Amino acid sequence: MSVKECEHHHGGCREKKYRKIVAGIVIFLIIVVLTILIIWAALRPSKPSFILQDVTVYAFNASVPNFLTTSFQVTILARNTNDRIGVYYDHLDSYVDYRNQQITYRTAIPPSYQGHKELDVWSPFVYGNDVPVAPYNFEGLTQDQSNGNVLVTIKIDGRVRWKVGAFTSGRYHIFVRCPAYISLGSQSSASTLEGNAVKYQLAQRCTVSV
């Protein structure tokens with residue numbers, strides 16, 4: 001097409017130019033996305049690992065029927081098991097559960113970034129004052145106390161992102177579950193601290209789902 005014809009049909013020429021630009025952008029984006037997916041598939045990010053190192057019990061009072069007052073400090077080791085992938089912990093809440101019922105308030109763990117193979121140690125306080133307990137759970141709790149052992153679960157719920165080079169993924173939910181036996185009737189596996197606090201060394205591996 002000559003210059004005069006192009007000028008006469010400038011609308012058609014401009015439309016072709018826009019189509020080429022759009023097609024180039026689309027092809028570029030497809031290449032970028034495919035590259036990211038190939039890298040992602042090749043690296044295959046694995047879940048972080050968590051270990052419940054210890055639990056310190058400051059209060060565990062179930063003297064009032066169907067109400068429970070507790071105070072714990074837990075020490076959790078979080079390790080990034082990936083060689084080339086970092087982990088952003090954007091939002092994490094820790095709390096204690098008894099027979100699938102939350103018995104403490106939620107305590108936030110500060111957001112952080114964990115590099116390749118790095119290890120972080122978290123020691124949040126979790127507590128609850130006069131938290132209502134379902135009657136059937138309170139009955140089981142009373143029985144467990146009389147037997148001297150109470151099984152609770154330290155839980156962490158939140159959201160994480162993976163970092164591969166300059167690419168950062170979207171947010172994924174993470175659920176961490178750490179069972180902990182508290183021997184209220186015996187301190188053979190525990191050490192007494194100042195006051196009435198008792199520290200239990202557990203080194204219990206946690207289950208993780210993302």
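Guide: What follows is a short talk about the fold, the core, the charged pairs and the rings.

Visitor: What kind of model is this, and how are residues numbered?
Guide: This is a predicted model, in which local features need pLDDT of at least 70 and side-chain atom pairs count only at pLDDT 80 or more, while totals for chains, interfaces and linings use all residues. Residues are numbered from 1 along each chain as its sequence is written, and side-chain values use heavy atoms, with hydrogens and water left out.

Visitor: How many helices and strands does the protein have?
Guide: The protein has 3 helices and 14 strands; these are DSSP runs numbered from the N terminus, with helices (H or I) of at least four residues and strands (E) of at least two.

Visitor: And what share of the residues is buried?
Guide: Of the 210 residues in the protein, 37% are buried, where buried means under 20% relative accessible area, exposed means over 50%, and partly exposed lies in between (1.4 Å probe, protein chains only). The accessible surface of the protein comes to about 12,400 Å², and 57% of that belongs to carbon and sulfur atoms; such areas come from the Shrake-Rupley method with a 1.4 Å probe, and for residues only the protein chains shown count as cover.

Visitor: Now the inside: which residues have the most contacts in the largest nonpolar core?
Guide: Those are F50 and L52, in a core of 40 residues; a nonpolar core is a set of buried Ala, Val, Leu, Ile, Met, Phe, Trp, Tyr and Cys residues joined through side-chain atoms within 4.5 Å. Two or more residues each come from β1 (49–61), β2 (67–79), β3 (86–98), α3 (135–147), β9 (150–164), β11 (172–182) and β13 (198–205), and β9 gives the largest share, 7 residues.

Visitor: What does L52 touch, apart from its sequence neighbours?
Guide: Leaving aside neighbours within four places in sequence, L52 is in contact (heavy atoms within 4.5 Å) with a list of residues including V74, I76, I154, C178, A180, L202 and C206. For the protein as a whole, 72% of the contacts between residues at least 6 apart in sequence join residues at least 24 apart.

Visitor: Switching to charges, how many salt bridges are there?
Guide: A search of the whole structure finds 9, a salt bridge being a side-chain nitrogen of Lys or Arg within 4 Å of a carboxyl oxygen of Asp or Glu. One of them joins K199 and D54, whose closest N and O atoms are 3.9 Å apart, and the pair links distant parts of the chain, with K199 in strand β13 and D54 in strand β1, 145 residues apart.

Visitor: Is D54 buried or exposed?
Guide: D54 is buried, with a relative accessible area of 5%, whereas K199 counts as partly exposed at 24%.

Visitor: Which residue pairs with D90?
Guide: D90 forms a salt bridge with R171, with 3.1 Å between the closest N and O atoms. Because D90 lies in strand β3 and R171 in the loop between β10 (167–168) and β11, the pair ties together parts that are 81 residues apart in sequence. R171 is exposed, with a relative accessible area of 54%.

Visitor: And D93, which network is it in?
Guide: D93 meets R106 in a salt bridge (3.8 Å, N to O), with R106 in the loop between β4 (101–102) and β5 (107–109) and D93 in strand β3, 13 residues apart. Salt bridges that share partners join D93, R106, D157 and R177 into one network.

Visitor: Last topic, rings: how many aromatic pairs are there?
Guide: There are 6 aromatic pairs in the whole structure, counted for rings of Phe, Tyr and Trp (its six-membered ring) with centres within 6.5 Å; planes under 30 degrees apart are stacked, over 60 edge-to-face, and the rest tilted. F50 and W122 form a tilted pair, 5.9 Å centre to centre with 45 degrees between the planes, and this pair links strand β1 with strand β7 (residues 119–122), 72 residues apart. F50 is buried at 2% relative accessible area, and W122 counts as buried at 9%.

Visitor: Which cluster does that pair belong to?
Guide: Ring pairs link F50, Y89 and W122 into a cluster.

Visitor: What lies over the face of Y88?
Guide: R161 does, at 4.6 Å from the ring centre; a charge sits over a ring if NZ of Lys or CZ of Arg is within 6 Å of the ring centre and within 35 degrees of the ring normal. Y88 itself counts as partly exposed, at 23% relative accessibility.
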